[in-house]
Amino acid sequence: MEYFLSEQQKTIRSLARKIAEERILPVRAELDEKEEFPWAIIRDLAASDMFRVFIPEEYDGLGGGCLDLCLVVEELSRVCSSVAISYAAVDLGIIPLLEYGTEEQKRKYLPDVAAGKRLAAFAITEPMAGSDASAIRTTAERVKGGYLLNGTKQFITNGGEAELYTVIALTDKTRGARGASALLVEKDTPGFSFGKKERKLGIRASSTRELIFQNCFVPEENIIGREGMGFIVTMRLFDKSRPGIGAQAVGLAQGALEAATDYARERVQFGHPIFSLQAVQHMLADMVIQVEAARALVYATARTVDSGAKDVSGESAMAKVFASDMAMKVTTDAVQILGGAGYMRDYPVEKMMRDAKITQIYEGTNQILRNVIAIELRKRKGRRD
Amino acid sequence: MDIIVCLKQVPGTTQVKIDPQTNTLVRQGIKNITNPFDTYALEAAIRLKEQYGGKVTAISMGPPQADEMLREAISLGADEAILLSDRAFAGADTLATSYTLARAITKIEKYDLIICGRQTIDGDTGQVGPELAEMLSLPFVAYVSKIEEINNGQMRVQRMIEEGYEVIEAPLPAVISVVKEINVPRLPSLRGITRAKSAVIPAWGAKELDADQDRVGLAGSATRVIKIFFPQRGKRAEILQGSPQSQVASLVTKLRENGLI
């Protein structure tokens, strides 16, 4: 399929693929088994300038956009989704800064992120606030020169490993969602500690942890945008980041499709490779249709984001929902094609199936996102531009 | 610290075909790669530059398509690259190759260290490094597995030998050949690739090198390849199975049976 990528985008894609195949593939099963954060690979990604991809040139980046990020995430995820999400979560952590940060904040943090010296993370979810993000209880009380953060964030990707956290907290409890603000919090700030590291079904090499704030002082210059903008920042962030989850799902499914195709060509039953069985052929045909359709939607959405379009909530949600539901189906079918072997950890598809599940859940469950899509549909009366 | 790295583009396969007429490698239709041992040489050079400053120049004698390999070297961190390419260089053995490389290095003039891979995976001779040192009248250390330090115009390196390693000091400039144990080569960077795309890689021919026509290419080669063939697989080979103890026991029995011991 011709996606009209630029020369630069083709270079990014092929280098990301090379890193994935040469550095990640040999260790992915071990990383999954040990649930170990892939620091060696993160350093390889940094040395290859992969963290520069999504950062503007004036802050030592390469000035790429959402599509460039998606290409990297897809290639990494094709081999290991844990690495892909650890990488993508850095983008998630700094989009608020890119969109609403001051020149001073950008100068201070972005060059280090571009160089891969500091990882970033984004924190909104709490024990009592998942899909209902407005139920957050973490507070940022105004004090002289800054804010005192108190509360606990849950399920934070890159928690404990990142140096830079964008945290959503209530600066005004009386105003509900309009009382939330986004604050940049550096690791090692007094009063900021990490809770338990979660043990997960999939993406096990990625780090998912609690963030605990106990009278953690954050200087006022670390607020992103203005007080009360926390949810606007968050909505805008997810509109831009959800295609990345779509790309993660597409990469996963692509990896599973390749594994299933290879296996079907080699596995002999009844005297022939099982690829010659029409039942298997049709499964694989459906898989490749789904993968390509999702890829086309994700790329088109990423391009829409990069075009600077104002309202991309519906498009981003569609790309994430369609690609993640597709990945769940395709990875499950890949396990089916590999049969008993597919269920074993000796083959990669059971991991891919485990990894796929989270893409239907995080950055907005697919149910919540269908609400978003429906709202947009109603707003636009079903018309397209 | 100015370092020259000698690279060779080789067929990226072990299934090479031999031209029955010329007894040289058939290169058409085979994806070329940088000789794997040379990638360790390049990495060693880049690390030295990062540690001590200076410049890395990659050179290669080869057909025009070796330009692609030299660009890859730049994407990995080489500062400059020079391609030594001329029809007159074709058919060179290690002697003529070393002479050509030596001419280029003499022309580059400023260098402290020359690094080669231990051998190529196509020719497999391992002769170019030592021949080069001989022609340039420089000290040579083969099979270097670690560069301990470089100080006051001296280098201190470890070289692999059968039973462990030797530590050798030598004055610079010098030539070394490196083994794969020396490092893990890095991957290219996106900025490096961009730099490589626009890099100007000069091609020097026999004229630019002021080379003696009788010492380059086939004319300058002291050897002729008469025949290249894959060794016949022994039909009587047998692989012994079982625990090490039982394998040894059956090996001894078989050797006795055949009157070999």
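How many bridges join β3(A) to strand β7 (residues 208-219) of chain A? I looked this up and found nine, with the two strands running antiparallel.

**Conventions.** I am working from a predicted model, where local features need pLDDT of at least 70, side-chain atom pairs count only at pLDDT 80 or more, and totals for chains, interfaces and linings use all residues. Residues are numbered from 1 along each chain as its sequence is written, chains are lettered from A and ligands numbered from 1 in the order in which they are written, and side-chain values use heavy atoms, with hydrogens and water left out. Helices (H or I, at least four residues) and strands (E, at least two) are DSSP runs, numbered from the N terminus. I call two strands paired if DSSP finds at least two bridges between them.

**Strands of chain A.** I followed β3(A) further. In β7(A), Gly146(A) has Pro219(A) as its bridge partner. Strand β2 (residues 139-143) of chain A also pairs with β3 (residues 146-157), antiparallel, over five bridges. There Val143(A) stands opposite Gly146(A). The hairpin of β2(A) and β3(A) has two residues between the strands, and Gly145(A) takes a positive phi near 80 degrees.

**The sheet of chain B.** I traced nine strands in an open sheet of mixed pairing, in the order β11-β10-β9-β12-β8-β1-β6-β7-β13. The edge strands, each pairing on one side only, are β11 (164-171) and β13 (203-204) of chain B. β1 (residues 2-6) and β6 (residues 55-61) of chain B run parallel and are joined by five bridges. Within this pair, Ile4(B) has Thr57(B) as its bridge partner. Strand β10 (residues 154-161) of chain B pairs with β11(B) in the antiparallel sense over eight bridges. A hairpin through two residues joins β10(B) to β11(B).

Contact means heavy atoms within 4.5 Å. Axes are lines fitted to C-alpha atoms, for helices over the stretch in contact, and angles run from 0 to 180 degrees between N-to-C directions.

**Two helix pairs.** How do α5 (residues 81-100) and α7 (residues 230-266) of chain A pack? I found an angle of about 160 degrees, with their axes 9 Å apart. α5(A) and α7(A) are therefore roughly antiparallel. Angles under 35 degrees count as roughly parallel, over 145 as roughly antiparallel, 65 to 115 as roughly perpendicular and the rest as oblique.

Next I took helix α1 (residues 7-24) of chain A and helix α5 (residues 190-198) of chain B, which pack at about 130 degrees with their axes 10 Å apart. α1(A) and α5(B) are therefore oblique to each other. Among the residues making this contact are Thr11(A) and Leu15(A) of α1(A), and Ile193(B) and Lys197(B) of α5(B).

**Chain A against chain B.** I recorded 17 residues from chain A and twelve residues from chain B in the contact. The area buried between the chains is about 1100 Å², of which carbon and sulfur atoms give 62%. Buried area is the accessible area (1.4 Å probe) that two parts lose on being put together, summed over both. Thr11(A), Leu15(A) and Arg23(A) supply 39% of the area that chain A buries against chain B, more than any other three residues.
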